[in-house]
Amino acid sequence: MSLEHVSFSYGAAPLLTDVSLHVTPGEKIALVGRSGSGKTTLLALLQRLYEPQQGSVYMDHHRLAVVDSAHLRSSLAVVAQHPTLFPATVADNIAAGRPIAHDALVLAAQQACAHAFIEALPAQYATRLGTSTSLSGGQAQRIEWARAFARRACLWLLDEPTSALDPEMVREVLDVMVELAHEGMTMLCVTHEMGFARRAADRVIFMADGAILEQAAPEQFFSNPTTDRARDFLGK
């Protein structure tokens with residue numbers, strides 16, 4: 001995936017300005033910066049939720065605008081800040097994230113993943129998620145993670161995946177993210193968890209006002225940021 005000189009505005013408000021970024025297969029990138037700096041908009045463009053008004057987004061050397069939608073969906077595993085669940089069973093929600101699998105071992109692994117997450121939820125959630133069913137942020141996030149695992153995608157897009165979780169669950173999810181990183185997943189993660197960025201990222205990208213101001217290996221970024229904006233961000 002890559003962005004080349006991408007700009008995007010919502011109404012009169014510029015959200016991204018001349019952003020260029022290349023994600024190497026197997027690379028783990030932590031996107032950091034204050035709220036409103038453009039991080040989530042960048043992930044949305046990679047999902048083709050928006051089209052850039054200037055510049056281009058590429059996947060496998062093809063402009064994203066011409067990539068088949070089914071191929072794009074099967075290539076991405078997305079864990080959003082606010083999970084979107086369907087009014088169906090938990091297992092069906094998780095299954096919605098998986099590609100069609102013909103290998104019996106793969107199907108068995110996907111089913112085991114679904115059951116493991118179902119067992120971690122209160123009993124009433126193992127049947128049906130109707131409009132009257134109320135899930136906690138952590139419970140919904142568990143289902144979102146299970147759906148992403150089932151997809152077996154080549155690129156993970158994580159948008160503040162710990163924001164709705166209690167401290168114990170944050171530790172669990174961060175451990176999972178570090179494990180995924182060490183397994184060689186390609187990962188682009190918007191996060192305020194600096195510990196994860198230090199432990200698992202190959203590159204930290206600092207954004208402000210819709211632009212990439214700084215990018216470096218974690219040890220360099222945290223020990224010797226080169227811009228005043230990054231130093232102020234880390235200081236706070």
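A residue is called buried when its relative accessible area is under 20%, exposed when over 50%, and partly exposed in between (1.4 Å probe, protein chains only). The model examined here is predicted: local features need pLDDT of at least 70, side-chain atom pairs count only at pLDDT 80 or more, and totals for chains, interfaces and linings use all residues. Residues are numbered from 1 along each chain as its sequence is written, and side-chain values use heavy atoms, with hydrogens and water left out.

F8 and Y50 are stacked, with 5.0 Å centre to centre and 20 degrees between the planes. This pair links distant parts of the chain, its members being 42 residues apart. F8 counts as buried because its relative accessibility is 7%, whereas Y50, at 38%, counts as partly exposed.

F221 and F222 form an edge-to-face pair, at 5.3 Å centre to centre and 80 degrees between the planes. F221 is buried, with a relative accessible area of 0%, and F222 is likewise buried, at 13%. Together with F206 and F233, F221 and F222 form one aromatic cluster. The charged end of R198 sits over the ring of F222, 4.2 Å from its centre; this description requires NZ of Lys or CZ of Arg within 6 Å of the ring centre and within 35 degrees of the ring normal.

Definitions and conventions. Rings of Phe, Tyr and Trp (its six-membered ring) pair if their centres lie within 6.5 Å; planes under 30 degrees apart count as stacked, over 60 as edge-to-face and the rest as tilted. Helices (H or I, at least four residues) and strands (E, at least two) are DSSP runs, numbered from the N terminus.
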